[in-house]
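Please read it beside the sequence and the structure shown here.

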Amino acid sequence: MIDGMSGVGALSRLKTSDDTEMASAAIMPQMPSAASQPASGSFSEVMQSLGTGVMNNLKAAEGESLAAVRGEAVTRDVVDAIMTAEQSLQTAVAIRDKMVTAYLEIARMQI
């Protein structure tokens, strides 16, 4: 189901792996810190990594849901995966809204 969304707009440029582990997908991707990575990462790379993390969380939640339907998953794991995916999606929407607001503010500036 989520794979069908990857052809839409900016999501088509995201590279996702099919081998998503629950442990790594359950963690929202962190912004790169100054101590752990050099400052050479561009804004688009950071946004792409955040988008990839959100997609991985959504795919993991979808996989857990399908496993629950087949009777192969524990309910607690399904709920945790769905809650993590929901939180990641809400964060991505909030970031998108802030970016649109900033763009509109810049567009209103007089030159």
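**Helix packing and salt bridges**

In α3, residues F43, M47, L50, V54, N57, L58, A60, A61, E64, S65 and A68 are in contact with D77, V78, A81, I82, T84, A85, S88, L89, A92, I95 and M99 of α4, where contact means heavy atoms within 4.5 Å. By class, this contact of α3 with α4 comprises 16 nonpolar, four polar and two charged residues. Nonpolar here covers Ala, Val, Leu, Ile, Met, Phe, Trp, Tyr, Cys and Pro; charged covers Asp, Glu, Lys and Arg; and polar covers the others, Gly among them.

The model is predicted, so local features need pLDDT of at least 70 and side-chain atom pairs count only at pLDDT 80 or more, while totals for chains, interfaces and linings use all residues. Residues are numbered from 1 along each chain as its sequence is written, and side-chain values use heavy atoms, with hydrogens and water left out.

**Overall architecture**

- The protein chain has four helices and zero strands; helices (H or I, at least four residues) and strands (E, at least two) are DSSP runs, numbered from the N terminus.
- The order of elements from the N terminus is α-α-α-α.
- Of the 111 residues in the protein chain, 22% are buried; buried means under 20% relative accessible area, exposed over 50%, and partly exposed in between (1.4 Å probe, protein chains only).
- Among contacts in the protein chain with a separation of 6 or more, 73% join residues 24 or more positions apart.

**Geometry of α3 and α4**

- Helix α3 spans residues 43-69 and helix α4 residues 75-108; they pack at an angle of about 150°, and their axes are 8 Å apart.
- Axes are lines fitted to C-alpha atoms, for helices over the stretch in contact, and angles run from 0 to 180 degrees between N-to-C directions.
- The crossing of α3 and α4 is left-handed, which is to say that the near helix is turned anticlockwise from the far one by less than a right angle (clockwise for right-handed).

**V54 in α3**

- V54 belongs to helix α3 and, at 7% relative accessibility, is buried.
- Between V54 and Q87 the C-alpha to C-alpha distance is 9.2 Å, although 33 residues separate them in sequence.

**Salt bridges**

- The whole structure contains four salt bridges, each defined as a side-chain nitrogen of Lys or Arg within 4 Å of a carboxyl oxygen of Asp or Glu.
- One of them joins R76 to D80, with the closest N and O atoms 3.5 Å apart. Both R76 and D80 lie in helix α4, four residues apart, or about one turn of the helix. R76 is exposed at 57% relative accessible area, and D80 is partly exposed at 32%.
- R96 and D97 form a salt bridge with an N to O distance of 2.7 Å. D97 is partly exposed at 36% relative accessibility, and R96 is partly exposed at 47%.
- E105 and R108 form a salt bridge at 3.4 Å, N to O. Both E105 and R108 belong to helix α4 and are three residues apart, about one turn of the helix. E105 is partly exposed, with a relative accessible area of 45%, whereas R108 is exposed at 61%.
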